[in-house]
Amino acid sequence: MQRNFLKKVFDSITESPARVFTIGFLLVITLGGLILTTPFVTQSGESTGIIDAFFVAASAACVTGLTPVNTGIYWNTLGHIVIIILIQIGGLGVMSIASLVPLILRRKIGLKSRQILRDQFNIESMSGMINLFIYVLIFTFSVEVIGALFLSFRFVPTYGLGKGIWYAVFHSISAFCNAGFDILGDSIYPLRADYLVNITIMLLIIIGGLGFMVTSEIYYKRDLKKISTNSKLVLIITLILILVGAFGFYLLESIQGGVLDDEGFGASMLESFFQSVVARTAGFYSVDLSKMKVSTTLLLIGLMFIGGSPGSTAGGIKTTTFGVLVIATISVIKNEKEPVVFGRSISDESIKKALSIFMISLSIVLLVSFTISITDNFNFIDILYETTSALATVGASRGITPELSRIAKILLGFCMYLGRIGPMTMAYAFGIKAEDRMIKYPETFISLG
């Protein structure tokens with residue numbers, strides 16, 4: 001009887017790709033959290049509290065970057081290895097790592113595994129799935145190696161051969177996976193004027209945040225005119241957000257009293273572009289975020305909320321979701337029959353899904369922020385920044401993470417998990433499937449606006 005019960009549970013999980021995806025991430029976080037509680041992974045040789053250990057594990061596996069302890073100082077090399085493995089698994093996805101085994105053994109990947117990979121990469125068809133999967137693996141490791149090579153030009157002369165290469169590899173993986181974890185001790189702040197380090201990390205974050213489908217189209221088609229409407233929308237919105245974020249940050253923080261007040265023009269622009277890029281996807285920083293103006297903080301909250309692109313290592317509601325909502329809004333203002341982008345109409349289903357993602361994500365951010373404002377005595381803008389950073393798996397903080405209560409850490413840990421999985425995926429995994437309606441109800445008029 002027990003065997004039949006376990007078989008039913010297993011079948012219930014595996015029959016839903018979304019359920020496998022969500023539970024797979026939960027198992028990875030659990031395993032990582034248990035390892036990080038042990039005394040073998042800390043510099044002091046002391047055990048870590050279960051809340052903090054699981055918070056860091058969730059942050060790493062969900063490629064976020066929020067941490068209640070200083071990663072470079074608190075954990076030893078073994079702890080850093082555990083964290084970077086969690087980041088790599090989180091960036092590629094649980095099923096990508098699991099599917100490596102049959103690929104290495106030259107066995108076929110099953111139909112269910114292909115369905116899960118399809119959902120993970122956020123594509124419509126399973127045609128060419130294995131070729132795409134192989135491309136994702138080769139592309140990921142190639143970009144990370146190239147990134148590590150460029151970073152080693154700076155880190156090896158500074159830290160020596162062994163330590164310099166390790167630092168380069170760690171930060172290259174962390175950047176490409178949009179995690180934002182660092183083992184330098186103070187992120188990129190000491191290197192904020194270093195063009196090589198800043199540009200390398202920015203490019204790694206941007207490439208990782210575009211999505212594997214977009215980068216594969218660019219690689220194989222090699223002509224921006226031939227790529228899909230989805231990829232064009234991703235590229236244009238990404239470029240607009242980077243420029244708006246960079247110039248907005250510069251204008252707000254370069255005036256008297258801003259964090260760029262004492263910096264030269266070149267350094268200020270470099271830091272502005274760096275913060276614009278990392279705000280949407282990764283938790284690195286090159287300025288003191290706690291000293292930013294409220295207006296700048298709100299700007300970065302907006303960028304974080306949007307995040308990266310579908311099928312990427314980034315979080316947020318995604319660039320395409322934001323793009324669809326903007327295009328649909330413009331279409332309504334212009335009184336058009338249907339929203340159109342690049343000569344293609346956007347379906348009602350896409351608009352409804354985009355609106356649902358926006359409303360669910362916004363509701364979660366506000367609800368969690370409100371709850372933490374009750375349990376913790378911080379400025380609401382700092383709490384809102386922290387919560388948005390968690391749900392959008394960004395990892396940027398205004399310095400309140402170590403002082404958060406246990407309740408706040410648990411809530412933010414759930415936000416990181418939900419942000420990496422996606423609210424819609426979570427709904428598909430555990431929601432009740434709606435029955436097909438046999439009746440078409442008459443439309444009604446509701447006064448709006």
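Analyst: Let's begin with D52, which counts as partly exposed because its relative accessibility is 21%, while buried would mean under 20%. Keep in mind that this is a predicted model. The side chain of D52 meets that of K409 in a salt bridge, with 2.6 Å from N to O. D52 belongs to helix 3 (residues 50-61) and K409 to helix 19 (residues 406-421), so this pair ties together parts of the chain that are 357 residues apart in sequence. K409, for its part, counts as buried because its relative accessibility is 10%.

Side chains of opposite charge can pair when their charged atoms come close. With that in mind, what about D376? It is buried but has no salt bridge. The nearest side chain of opposite charge to D376 is again K409, 8.6 Å away. D376 sits in the loop between helix 17 (348-375) and helix 18 (380-391). What D376 does have is a polar contact of 2.6 Å between its side chain and that of T375. Setting aside neighbours within four places in sequence, D376 is also in contact with I383, E403, L404, S405 and A408.

From that loop we can follow the chain into helix 18, where D382 is found; R398 is in the loop between helix 18 and helix 19, so their pairing ties together parts 16 residues apart in sequence. The two side chains form a salt bridge of 2.4 Å, N to O. Both D382 and R398 are buried.

Helix 18 also holds S389. S389 is buried because its relative accessible area is 0%. A polar atom of the S389 side chain lies 2.8 Å from the backbone nitrogen of G395. Leaving out residues up to four places away in sequence, S389 touches T64, L66, M304, V394, G395 and A396.

How many salt bridges does the whole structure have? A search finds 6. One of them, beyond the pairs above, joins the side chains of E336 and K334 at 3.4 Å, N to O. Here E336 counts as partly exposed because its relative accessibility is 35%, and K334 counts as exposed because its value is 53%.

To put this part in its setting, here is the chain as a whole. The protein chain has 20 helices and 2 strands, and 51% of its 449 residues count as buried. Among contacts between residues at least 6 apart in sequence, 69% join residues at least 24 apart. The accessible surface comes to about 22,400 Å², and carbon and sulfur atoms account for 64% of that.

Out on that surface, F40, L78, I81 and I85 make a nonpolar patch of about 390 Å². Of these, I81 is in helix 5 (residues 77-92) and counts as partly exposed because its relative accessibility is 34%. Another isoleucine, I73 in helix 4 (residues 71-74), is exposed because its relative accessible area is 57%. The C-alpha atom of I73 is 6.5 Å from that of G185, although 112 residues separate them along the chain.

Technical notes:
Residues are numbered from 1 along each chain as its sequence is written. This is a predicted model: local features need pLDDT of at least 70, side-chain atom pairs count only at pLDDT 80 or more; totals for chains, interfaces and linings use all residues. Side-chain values use heavy atoms; hydrogens and water are left out. Helices (H or I, at least four residues) and strands (E, at least two) are DSSP runs, numbered from the N terminus. Buried means under 20% relative accessible area, exposed over 50%, partly exposed in between (1.4 Å probe, protein chains only). Lys and Arg count as positive and Asp and Glu as negative; His and the chain ends are not counted. A salt bridge is a side-chain nitrogen of Lys or Arg within 4 Å of a carboxyl oxygen of Asp or Glu. A polar contact is a pair of N or O atoms within 3.5 Å; within protein, one must be able to donate a hydrogen and the other to accept it, and residues adjacent in sequence count only if both atoms are side-chain atoms. Contact means heavy atoms within 4.5 Å. Patches are made of residues with over 30% relative accessible area and no salt bridge: like charges are joined within 9 Å, nonpolar side chains (Val, Leu, Ile, Met, Phe, Trp, Tyr) within 5 Å. Accessible areas come from the Shrake-Rupley method with a 1.4 Å probe; for residues, only the protein chains shown count as cover.
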